[in-house]
Amino acid sequence: MGAQKSIHAGKAKIDVNVDFTHKLCASLMLPPLSNGSGSPLSLIIGSLCIKHPNLFGGSEKLDVSWDKGLYDSNVLMAYRRPRPEWLAQQSFIVQHSISPEIGVHGIPMDNFSRSGSGGVNLSRLSVGMDLNEPASSKWSSTTSIKFEHVRPLNDNGQSMSRDLDGFPVTCSGSPHDSMVILKQESRYAKANDHSFFHFSLQIEQGIPVLSKWLIFNKFKFVASKGVKLGPAFLLTRMTGGSIVGDMAPYQAFAIGGLGSVRGYGEGAVGSGRSCLVANTELTLPFNKMLEGAVFLDCGTDLGSAHHVPGNPALRQGKPGSGVGLGYGLRLKSQFGHFVVDYALNACQQKTVYFGISNLAS
């Protein structure tokens, strides 16, 4: 199924993880997104991570990672300098990713239970700095500033400025968008033996360094509450957000799919300038390794789909709101966590989700 190997080279550590389980996951979750070349490398899912704990002799840390999926890839380089505990910890980050844009431009299929390729992929290059503020007993926060360059690509890897229907896929109308983003994220966590409560708030501001760069304000919140009910555990979560100002279609909030409204494909419920999603799940342990779950999800774009440039949700016939319910299994083992969910959407179309967490070290 796969292989994992750690190599020590001096003080540096290299982790290699290669996974050949893509055929099973692809057959259960995603239709083919593009016509692949048939290269043997396209058949591999894996990751490569290089870590150095003392790069220049002053406890500077360097992490370089490369993750490759079926249709996406991500390269991340992070450099961290040590600072006193009472000061914000600095991280300098360079990242490049390529992935299919399914949430907004994907085409709903099989009564919205799946999303196929809309022929739009995103190449993102970002360079920036994170500041992690010293955490209090319950609050923590991170401030970051980064430059981001986004270039839409077609399935052949060529730059594009319009989608298959002839509508712009960037805010600028050119083959790329550039922006400087100032981001503030605050997190609150409280827990005891019987319950927990988590809340996070993200606020992003596009800074107009140049006249053609995007100017916007975006916020997103996530609130979750978990309570023990005898042997069972009840988890509720609410997610919402909105964006004002300049906006490219790929910045819209996509609703639907695993982690959103199950029973629908990724983004198949809708995509808008605003969103609100609620999830409720009740799990009951069968033994130490196996749990059963029942869940109910719902989400809406709050009528904001027509404010997205080009109105891709209306052109693809997305309903704008949806409800999904179902049941599933959760298996915990020394090899990782396995999740299987069976969901039914409002169109009475069935969907099966299959997921595997990272292998245990």
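1. Buried means under 20% relative accessible area. Arginine 262 has 8% relative accessibility, so this residue counts as buried. Keep arginine 262 in mind while reading this note. The model is predicted.

2. Start with the whole chain. The secondary structure comes to two helices and 21 strands. The chain has 361 residues, and buried residues make up 37% of them. Its accessible surface comes to about 19,300 Å². Carbon and sulfur atoms hold 61% of that surface.

3. Three of them are described below.

4. Look at arginine 262 and aspartate 297. Their side chains meet in a salt bridge, at 2.7 Å from N to O. Aspartate 297 lies in strand β18, residues 290–300. Arginine 262 lies in the loop between β15 (253–255) and β16 (270–272). The two are 35 residues apart in sequence, so the pair ties together separate parts of the chain.

5. Is aspartate 297 buried or exposed? Aspartate 297 has 0% relative accessibility, so it counts as buried. The cut-off is under 20%. Arginine 262, at 8%, counts as buried too.

6. Which other aspartate does arginine 262 meet in a salt bridge? The partner is aspartate 341, at 3.3 Å from N to O. This pair links distant parts of the chain. Arginine 262 is in the loop between β15 and β16, whereas aspartate 341 is in strand β20, residues 336–345. They are 79 residues apart. Both arginine 262 and aspartate 341 are buried.

7. Shared partners join such bridges into one network. Its members are Arg262, Glu281, Asp297, Arg330 and Asp341. Find arginine 262 in the structure, then trace its bridges to aspartate 297 and aspartate 341.

8. Now a salt bridge with partly exposed partners. Aspartate 110 pairs with arginine 114, and their closest N and O atoms are 2.9 Å apart. Aspartate 110 has a relative accessible area of 41%, so it is partly exposed. Arginine 114 has 28% relative accessibility and therefore also counts as partly exposed.

9. Turn to the surface. Which residues form a nonpolar patch there? They are Leu284, Phe286, Leu329, Val340 and Val352. Together they have about 410 Å² of accessible area. Leucine 329 lies in strand β19, residues 321–333. With a relative accessible area of 41%, leucine 329 is partly exposed.

10. Check the backbone at asparagine 111. Its phi is positive, about 55 degrees, although the residue is not a glycine. Asparagine 111 lies in the loop between β7 (107–109) and β8 (114–116). At 43% relative accessibility, asparagine 111 counts as partly exposed.

11. Asparagine 311 also deserves a look. Phi of asparagine 311 is near 45 degrees, a positive value in a residue other than glycine. Where does asparagine 311 lie? Asparagine 311 is in the loop between β18 and α2 (312–315). Its relative accessibility is 15%, so asparagine 311 counts as buried.

Terms used: Residues are numbered from 1 along each chain as its sequence is written. This is a predicted model: local features need pLDDT of at least 70, side-chain atom pairs count only at pLDDT 80 or more; totals for chains, interfaces and linings use all residues. Side-chain values use heavy atoms; hydrogens and water are left out. A salt bridge is a side-chain nitrogen of Lys or Arg within 4 Å of a carboxyl oxygen of Asp or Glu. Buried means under 20% relative accessible area, exposed over 50%, partly exposed in between (1.4 Å probe, protein chains only). Helices (H or I, at least four residues) and strands (E, at least two) are DSSP runs, numbered from the N terminus. Patches are made of residues with over 30% relative accessible area and no salt bridge: like charges are joined within 9 Å, nonpolar side chains (Val, Leu, Ile, Met, Phe, Trp, Tyr) within 5 Å. Accessible areas come from the Shrake-Rupley method with a 1.4 Å probe; for residues, only the protein chains shown count as cover.
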